Amino acid sequence: MRVFIIAGEPSGDKLGGALMAGLRTLVPDVTFDGVGGPEMQAQGLASRFDMSELSIMGIMEVLPKYRHLKRRIAQTAQAVIDTAPDVMITIDSPDFCLRVARLVKASSTIRTVHYVAPTVWAWRPKRADHMAEVIDHVLALFPFEPPYMQAAGMDCDFVGHPVVSEPQPSVQDVDNFRVQYGMEAADPLLLVLPGSRRGEVSRLAPRLGEALRPVLAAHPGLRVVVPAAAPVAEMVIAAVADWPLVPKVLDPRGLDVETAANAKRIAFAAADAALAASGTVALELAAADTPMVSIYDMNWLSRRIVQRMMQIDTTNLINIVSETRTVPEFIGAQCRSDLIAQGMLDLLQDPAPQRAAMQTTMDLLGRNGEDPGLRAAQAVLARL
């Protein structure tokens, strides 16, 4: 069996590596070709070019690289056509992957599989129809996604979310973390996550600092830790210097990827609650059983555009998957320090309903089931 597989960013590389491992388990003589990073290369892929060339798909970042990316799209599609694999699997990165798929479909009957369904349930529902023109089969991370893809004419299987297979720290790991940062076992710990992009940190960090004032007044023993993303670590350190309580910042710079990821997981497990910018971090917190308040804001024009396009009344994945609204959200005009503070005070008073929703979410995403990479491999093979 020959598989051409493409990922364009680290999250996709991780999914790809797990899927390739699953395929190798089920079909030992499988061979791989395509584009990917270290996780996929560890499974036997010789990447045709450095995956980092594709991790620049924002509008302003793309413009200077547009001609180069067009060449890479054409080269990759031609490589698929020339090698005629049994299946082409593209992973997320739709700006690149679906353009490759369109060229492949225009010149061949090669079966196309896309891993990670577009969020048509949240915004821009027509994306599924456009995707169906070039994709035969979708591997979905969320259990509610298959009907959207099937309605557009694609096969779709829910294969589980990779967060459920992430290792969780031990009690000893958590105890060591608290000792390392000078905390007593009984000290309540709040995580604050202001985002991983510069615009997010600049907009959200000042509001988070102000929101902490009444929370700290009500809980004077509260300790605060801020896990920073490497690209904005210096910016985060500067931003929190003016907070009412200067937190411990977890700076991943200088650490290898796995050490940094493990330190972050331990912090999540050690925390009693979190104030977090909206995103997939909600699932990481749920896996650690850490209840949260979710916040987000953007510039005025972007806010207006997104409000018009949104199809649902919540952006938090715990609320969506569990079909509850237990995670308080302060988005857009509601992203104010006074409202955020009250949301956190309410959460600290009674986190039980949210914890129940988080457990439901993890169960629905496949916890205690087969590894998502193996399930994805089984789904690919079942429909060939």
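**Close-ups of a predicted model**

**View 1. Two strands side by side: β7 and β10.** In this predicted model, 4 bridges join strand β7 (residues 189–193) to strand β10 (residues 273–277), and the two pair in the parallel sense. For one example of who sits across from whom, look at L191, which has A274 of β10 as its bridge partner. In general, strands of a sheet are held in pairs by backbone hydrogen bonds, either parallel or antiparallel.

**View 2. Zooming out to the open sheet.** The strands β7 and β10 belong to an open sheet of 6 strands with parallel pairing, and the order across it is β9-β8-β7-β10-β11-β12. The edges are taken by β9 (248–250) and β12 (329–331); each has a single partner strand, so one side of each has no neighbour in the sheet. On average, neighbouring strands here are turned by 15° against each other, direction ignored.

**View 3. A helix across the strands.** Here's α11 (residues 257–270), a helix that lies across β7, β8 (223–227) and β9. Relative to β7, α11 runs at about 130°.

**View 4. Helix α4 and its two sides.** Now for helix α4: its 18 residues (66–83) reach 26 Å from first C-alpha to last, close to the 26 Å expected at 1.5 Å a residue. Buried residues in α4 are L69, R72, I73, T76, A77, A79 and V80. Seen down the helix axis, the buried residues of α4 fall within an arc of 155°, so they line one face. An α-helix has 3.6 residues a turn, so residues three or four places apart point the same way. Over on the other side of α4, R67 and D82 are exposed.

How values were computed
Residues are numbered from 1 along each chain as its sequence is written. This is a predicted model: local features need pLDDT of at least 70, side-chain atom pairs count only at pLDDT 80 or more; totals for chains, interfaces and linings use all residues. Side-chain values use heavy atoms; hydrogens and water are left out. Two strands pair if DSSP finds at least two bridges between them. Axes are lines fitted to C-alpha atoms, for helices over the stretch in contact, and angles run from 0 to 180 degrees between N-to-C directions. Contact means heavy atoms within 4.5 Å. The expected span of a helix is 1.5 Å times one less than its number of residues. Buried means under 20% relative accessible area, exposed over 50%, partly exposed in between (1.4 Å probe, protein chains only). The arc is that of the directions from the helix axis to the C-beta atoms.
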